[in-house]
Amino acid sequence: MIEKMKLVHLSATPQNYKEMLIRLSQLEFHGEPASALLKDTSEGEPLAEDPFYTECLSELSTLSATAGCQISRQSEVTRFSKEEIEAFLGELREQFEVVTKANQNAKLSYEDETALEALRSVGFEDMHGCQYLFFRFGRLNHQSFKKLSLYTDHQFDVCELYHQEQTHWVCYVTSPQYGAKVNKIFDDLYFEPIAIPEVDVKALVAKYTPKMNEVYTYCSWRHDLLKLYKYVIKTENTYEVTGFVSSRDFDGFKEAMEELSVKVEATDPDHHGLLPPTLLKNNWFVRPFEMFVGMYSLPSYFDFDPTSFFCYSYCLLFGIMFGDLGQGALVAIGGFVLAKLKPQMRIAAVAGRVGLTSMVFGFLFGSFFGDEHILIPLQKICFGVREKLFEVLAGSSTMPILMGSVLLGAILILMCMVFNMALRIKHKEWGELLCGQNGIAGFVFYSYLLIGIAGMFSGSYNILTPVWLALFAGGPLILILLEKPFVRLFEGQGFTVSNGWGNHILEAIFEDVVVLLDFVANSMSFMRVGGFVLSHAGMMLVVMTLVEMTGKAGFLVFVLGNLFVMVLEGLIVGIQSLRLEYYEMFSRYYSGSGKSFQQISKES
Amino acid sequence: MELAYSANAMSAKIMAMFGKRLRDSDYESLLNKKSIGEVASYLKSQTYFSSALKDINESAIHRGQLESLIRQDLYARFSRLIRYGGRSEARREFYHYGLMEVEVSQILSCVNLIRNQDSTAMIAKLPLFLKHHASFDLANLANVNDFAGLLKVLQGTDYYQPALPYLSQSPEDIDVPGLESSLRSVFCQKVLDMIIKKRKGKDTKALIKVFSTQIELENIVKIYRAKKYFHLSGERIEEVLTPVWCNFSPKQVHQMVYDMDETQFLDALSHSVYRRYIDPNNFLYIEVHTKKISYDLNTHNLIYGQDPDLVLQSYLSLAESEIENIVDIVEGIRYHVPQDVIERLLVR
């Protein structure tokens, strides 16, 4: 079914409209864009979006990436004025320019950074500032590092900061007096110098990160608000938002808004205003099939939800075509387990449900993983039959299966016509109700033909006589031919046609032929249901024959054969059932012109 | 039996290693490099030196470091190979000859630094990776300030007695060529003794020929350079030569040392057993020609030799030649020598 909605108008003051928007983003609220609501400027104007905070966010992200620091959104929002943010960003730009240059010059490896970390405690700025000491940092190979102990004249001191296999990261210190000599010694040892950074980037980052996080949080908050500005109409003194809330949630919604001193006006949606969004609400068994309805198109709020009918008819068709107790049980178990593990995988939930109907029909057909005899004792107990309840592959069963399929299809088509007529009555579309192909005329015509053909085959009665034909076939066909003039008549435009009667009658005669063909084709289309019953039994017969032929490898053939049939036929039957739903049934009653309920916080 | 097995194993291992040598295409690629970093990068990524150079920073490597690492790799290969050579003391002693050349070279470096009064410069060049295999503690050379100190380090080794006569001389007057000759004579005599006393058969002759030819070629280089660049007297030249010859009689040697100038000397060589390699009209550097002689001899022995020690010695010489080629390329790039000139220096 479709959830009932309330159309709400919210009015906030310049002081509290931001809080209202933030609160709205946390509630189940479908907003209507201001641009769709405003007809002229006298009603107000859309709220202009200020790009300042978006630009600040972008700059903060760039600066943090440059400096190699992580900024994140915090739970508490600290407010800043635009001037404060601008000043802070200016300071960051200036400070981080040094960082950018240092990073560009250094291009240090992970190992270099690790070694440098050990040197950080001394202070890079202090090392550069020393007047009587001279520091150098870099890499030495292992052989050279071992030779350092051979220098005993104490003209330098060296400290190992990090080592990895054949490389050592060291820092040596000497006085400017010995600088040239000691540098030569290290150069002879193939010392690879690495520049000691002029600024300690990490210390700088650590200093600025807390405030960067605060500013980032505030800008993000404002940025999120900006996304909601498109729903706001600004009038002289108020900020107004219009949207939909489900009737079930309305009381809580109203309470939350009134806490913020926001004025709430609620009305029931009607046909003349905005089209309310569609939010489907079904029981657990039917709910996964909302996916298929959504794939076709959501129903309009003022129509009815076809999901239940879709679900039961789909399960019925699938079950008949894929009737096997064992395979159905596997599909059901697999589907339910997968749906439990991955709830977002709704097709798994569908598989679980159709697996159940497969089991039911598998039991009725007496088929268990292709074995057509194993269930006979159980069928004897349950149904009191002498032999198998229904032998699918028996020659005498073929016609009943195919005719039964067509009969099932006819019943489903008639049900769709009834749904269509109910909708026409709901929408007061009397012309379509009376003369439509899927209205009373079509229903009478199709029912008459079915009953007539049934009487002819059974031989118990005959209503396919000229009088009956004129009355129940000719009459409805003439009505279908005159559908458009009748529609115009009921709309108050008189019993007329738009392009002249000659043209209309010519077109309508061709349309009547198409209608007749549609009825025949749609009914015959359901013959595939019977076809798949036979095909499933046939394929499993092949598998069981192969099992008998292969001797000891029979079990393997049995498993692989069942898997093959399950995958191949499961897929085909699933698709064919969907085809019957969409083409043979939906086309008769379902228009699907609804829009989905979109919670504003989840919009991009 | 042990030798038979090990001979097969060592020869097979050497052939496998030799198969990974640098090919002409590698030399072509190396010659096209524009910097030492590019050479190092190529050696690291495209040749069997990849494991030896895996930790280097190609963009900052010094040519000396590159040479040191690939020499270190050669010693590592040598150490791996001698494991296949059996466990007898005589064989282990024989394999020590590879190290003796390094030891002599380190002693001479130390003497040069004593003369220059700069002991710290020694440290950077010390091959400390050989520390546990050398006959004296190489690290002690770092603290030597005078010749007496050097003798103290060499005490108990085969080098002590040949070096002793040079003690009385002041640092500036130490006769380095004479000392070098004495030390190399010790080295040569020891190697030849080991071969002659402890081995027999036709491969022994080949091994003796390899070593004596090597020494003879060194003598030829010394004679030529002494005549061409230093204009030394015959007596002085004879003093710095190692008294080992295999293709020249004492009379011929005497004539070459005393009676010929460098042009006549080259002419004599061009009519000797080395005539295929030395042509006075197409002469480059004496070292290039002697290296080529050595290269061809060693290649022949490596391919056709039966004695594993002969194959080993040939492989080491060829590997040394390969390293010298790399060093020539690196030096050529460093000093912007034209590519075709560097190419002519390569022995392959």
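In what order do the 4 strands of the open sheet in chain A line up? These legends walk through a predicted model, starting with that sheet.

**View 1. An open sheet of 4 strands in chain A.** Reading across, the order is β5-β6-β4-β7, and the pairing is antiparallel. At the edges stand β5 (157–164) and β7 (192–194) of chain A, each with a single partner strand, so one side of each has no neighbour in the sheet. From one strand to the next, the twist averages 30°. As background, strands of a sheet pair through backbone hydrogen bonds, either parallel or antiparallel.

**View 2. Zooming in on β5(A) and β6(A).** Strand β6 of chain A covers residues 167–174, and it pairs with β5(A) in the antiparallel sense over 7 bridges. To pick out one pair, look for E160(A), whose bridge partner in β6(A) is V170(A).

**View 3. Helix α8 of chain A packed on the sheet.** This helix takes in residues 179–188 and touches β4 (134–141), β5 and β6 of chain A. The direction of α8(A) makes about 170° with that of β6(A).

View 4. Who lines the largest cavity? Among the residues are I320(A), M321(A), F365(A), E372(A), V392(A) and H536(A). Both α12 (307–321) and α22 (527–549) of chain A supply at least two residues each, with α22(A) giving the largest share, 3 residues. By class, the lining has 6 nonpolar, 3 polar and 1 charged residues.

Definitions and conventions: Residues numbered from 1 in each chain as written. Chains lettered and ligands numbered in written order. Predicted model: local features only at pLDDT ≥ 70, side-chain atom pairs only at ≥ 80, totals over all residues. Heavy atoms only, no water. Pairing = 2+ DSSP bridges. Axes fitted to C-alpha atoms, helices over the stretch in contact; angles between N-to-C directions. Contact = heavy atoms within 4.5 Å. 1 Å grid on protein atoms, 1.4 Å probe; cavity = no way out; pocket = protein on both sides within 12 Å on 5 of 7 lines; lining within 4 Å. Nonpolar A, V, L, I, M, F, W, Y, C, P; charged D, E, K, R; others polar.
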